[in-house]
Amino acid sequence: MAATGSSLTGVATRINGRHAFVHERILLLVVRETELRDSVTFAKQDLATRMGVCVRSVDRAVTRLRREGLITTEAIFGPTGAQLGNAYRATPEGIELARTYRREKPRPKK
């Protein structure tokens, strides 16, 4: 069952003490939804708006994640045949990598 328009709540904006890249945030979202619901469905425009980035950034990030074998995509079509978006699933490699993103480096003591 795919989730549509999943919340970005809980998707890190900082990873290991630095600003998270768009592809890292998208991977975290896809991994979370894969673990909870088997996949996530979103339109790139919607996700870009919610992340505060341009559609091209989301497109580049998704292309990179697919090319690196971290996620898979499947087109979702409506009754008229129009493409509504894609279903995204994390691969085992993507899940493993996302687990390293969740770890925060200890902050130096003052």
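Arginine 32 and glutamate 33 form a salt bridge, with the closest N and O atoms 3.0 Å apart, where a salt bridge is a side-chain nitrogen of Lys or Arg within 4 Å of a carboxyl oxygen of Asp or Glu. Both arginine 32 and glutamate 33 are buried, a term that stands for under 20% relative accessible area, with exposed meaning over 50% and partly exposed in between (1.4 Å probe, protein chains only). The model is a predicted one, in which local features need pLDDT of at least 70 and side-chain atom pairs count only at pLDDT 80 or more, while totals for chains, interfaces and linings use all residues. Residues are numbered from 1 along each chain as its sequence is written, and side-chain values use heavy atoms, with hydrogens and water left out.

The structure holds 10 salt bridges. Side chains of opposite charge can pair when their charged atoms come close. One of these pairs is aspartate 59 with arginine 56, whose side chains meet at 3.0 Å, N to O; because the two are three residues apart in helix H3, about one helical turn separates them. Aspartate 59 is partly exposed at 22% relative accessibility, and arginine 56 is likewise partly exposed, with a relative accessible area of 45%. Another salt bridge brings together the side chains of glutamate 74 and arginine 89 (3.5 Å, N to O), and this pair links distant parts of the chain, since glutamate 74 sits in strand E5 and arginine 89 in strand E6, 15 residues apart. Glutamate 74 counts as partly exposed at 44% relative accessibility, as does arginine 89 at 25%. Salt bridges that share partners also join Arg32, Glu33 and Arg37 into one network.

Along the sequence, the protein follows the pattern β-β-β-α-β-α-α-β-β-α. Of the 110 residues of the protein, 38% count as buried. Among contacts with a separation of 6 or more, residues 24 or more positions apart account for 57%, a contact being heavy atoms within 4.5 Å.

In soluble globular proteins, nonpolar side chains tend to be buried together. Here the largest nonpolar core has 26 residues, of which Ile26, Leu27, Val30, Phe42, Leu47, Ile71 and Tyr88 touch the most other members; such a core is a set of buried Ala, Val, Leu, Ile, Met, Phe, Trp, Tyr and Cys residues joined through side-chain atoms within 4.5 Å. At least two residues of this core come from each of helix H1 (22–37), strand E4 (39–42), helix H2 (44–51), helix H3 (55–67), strand E6 (83–90) and helix H4 (92–102), and the largest share, six residues, comes from H1. Leaving aside residues up to four places away in sequence, isoleucine 26 touches Leu47, Met51, Val58, Ala61, Val62 and Leu65.

Helix H3 presents its own pattern of burial. With 13 residues, H3 reaches 18 Å from its first C-alpha to its last, close to the 18 Å expected at 1.5 Å a residue, the expected span being 1.5 Å times one less than the number of residues. Val58, Ala61, Val62 and Leu65 of H3 are buried. Seen down the axis of H3, the buried residues fall within an arc of 95°, so they line one face of the helix, the arc being that of the directions from the helix axis to the C-beta atoms. What covers these buried residues includes H1, H2, strand E5 (71–77) and E6, whereas Arg60 and Arg67, on the other side of H3, are exposed. Glycine 69 follows H3 and has a positive phi, near 75°.

In strand E4 both faces are covered, with Ser39 and Thr41 buried on one side and Val40 and Phe42 buried on the other. E4 pairs with E6 in the antiparallel sense over three bridges, and two strands count as paired if DSSP finds at least two bridges between them. The bridge partner of threonine 41 in E6 is alanine 87. In the loop between H1 and E4 lies aspartate 38, which has a positive phi of about 85° although it is not a glycine. Most residues other than glycine have a negative phi. Aspartate 38 is partly exposed, with a relative accessible area of 39%.

Methods: Helix = DSSP H or I, 4+ residues; strand = E, 2+ residues; numbered from the N terminus.
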